[in-house]
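Biologist: I have a new model open on my screen. Please walk me through how to read it.

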Amino acid sequence: MCQNKQLNPFSRIQHGLRVRDLFPMQLNKKCACGCGNGLVGRQRMWFSEDCKQKSYQEYLVILGDRDTIRHLLYSIDQGACRHCGLITDTWEADHILPVYKGGGACSIENFQTLCYDCHKQKTYLDSREAHNETISLHDPLKSFSRCLKDLGERTIFAVDTSTP
Ligand SMILES: [Zn+2]
Ligand SMILES: [Zn+2]
């Protein structure tokens with residue numbers, strides 16, 4: 001998802017990242033934003049103010065700037081949870097592809113609005129998955145025994161609910 005070598009997709013903040021790392025000055029006198037428009041007169045980087053604003057916003061999102069991400073996400077979702085539809089003031093910006101899977105340093109497409117509860121649940125499931133993956137990478141036997149333990153917990157839970 002992130003091709004720029006300066007970026008660390010496994011971190012939510014890109015320390016030391018500069019605008020020109022993402023949008024280097026073009027040698028062929030074209031706008032740095034990639035719109036393809038040629039620079040005229042005294043223009044050195046951007047063809048228009050719009051090109052500059054958009055690029056700067058994209059840069060801040062990739063950098064991991066919380067305010068920019070929330071501002072932009074609100075303009076897309078208006079605070080409505082994408083999972084359950086609930087509209088609250090306490091909504092949270094969630095990385096759709098989690099940072100531990102390389103979802104950091106990404107543009108706004110990798111963010112979604114989630115309400116507090118849905119976010120908590122997703123974070124819990126993600127961290128559980130991450131934990132299991134870590135174990136299975138290092139020790140297949142431990143992973144297997146953990147599966148058995150999970151199975152045991154579920155069975156106990158089922159018995160608890162079925163007896164009045
Ligand atoms: Zn441009
Ligand atoms: Zn929700």
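Biologist: In what sense do β1 and β2 pair, and over how many bridges?

Modeller: A word on the model before that. It is predicted, so local features need pLDDT of at least 70 and side-chain atom pairs count only at pLDDT 80 or more, while totals for chains, interfaces and linings use all residues. Residues are numbered from 1 along each chain as its sequence is written, and chains are lettered from A and ligands numbered from 1 in the order in which they are written. Now the strands. Helices (H or I, at least four residues) and strands (E, at least two) are DSSP runs, numbered from the N terminus. Two strands pair if DSSP finds at least two bridges between them. Here β1 (92–95) and β2 (111–114) pair in the antiparallel sense over four bridges. D94 stands opposite Q112 in β2.

Biologist: Which way do the residues of β2 point, and are they buried or exposed?

Modeller: In a regular strand the side chains alternate between the two faces of the sheet. A residue is buried if 20 or more other C-beta atoms lie within 10 Å of its own, exposed if 12 or fewer, and partly exposed in between; C-beta atoms are placed from the backbone. From β2, F111 and T113 point one way. Q112 and L114 point the other way. All four are buried.

Biologist: Which residues touch the most other members of the largest nonpolar core?

Modeller: A nonpolar core is a set of buried Ala, Val, Leu, Ile, Met, Phe, Trp, Tyr and Cys residues joined through C-beta atoms within 7 Å. The largest one has 15 residues, and A32, C33 and I62 touch the most other members. The elements giving two or more residues to this core are α2 (49–63) and α3 (66–77). Of these, α2 gives the most, with four residues. Apart from this core lies another, of five residues, including W91 and L114.

Biologist: What is A32 in contact with, leaving aside neighbours within four places in sequence?

Modeller: Contact means that C-beta atoms, placed from the backbone, lie within 7 Å. By that test A32 touches F23, P24, M25, Q26, M45, W46 and S55.

Biologist: Where is K29 found, and why does K29 count as exposed?

Modeller: K29 is in the loop between α1 (19–22) and α2. It counts as exposed because it has 11 C-beta neighbours inside 10 Å. Its phi is positive, near 60°, in a residue other than glycine.

Biologist: And A105: buried or exposed?

Modeller: A105 is buried, because 25 other C-beta atoms lie within 10 Å. A105 is found in the loop between β1 and β2. Its phi is also positive, about 60°, although A105 is not a glycine.

How values were computed. Contact = placed C-beta atoms within 7 Å.
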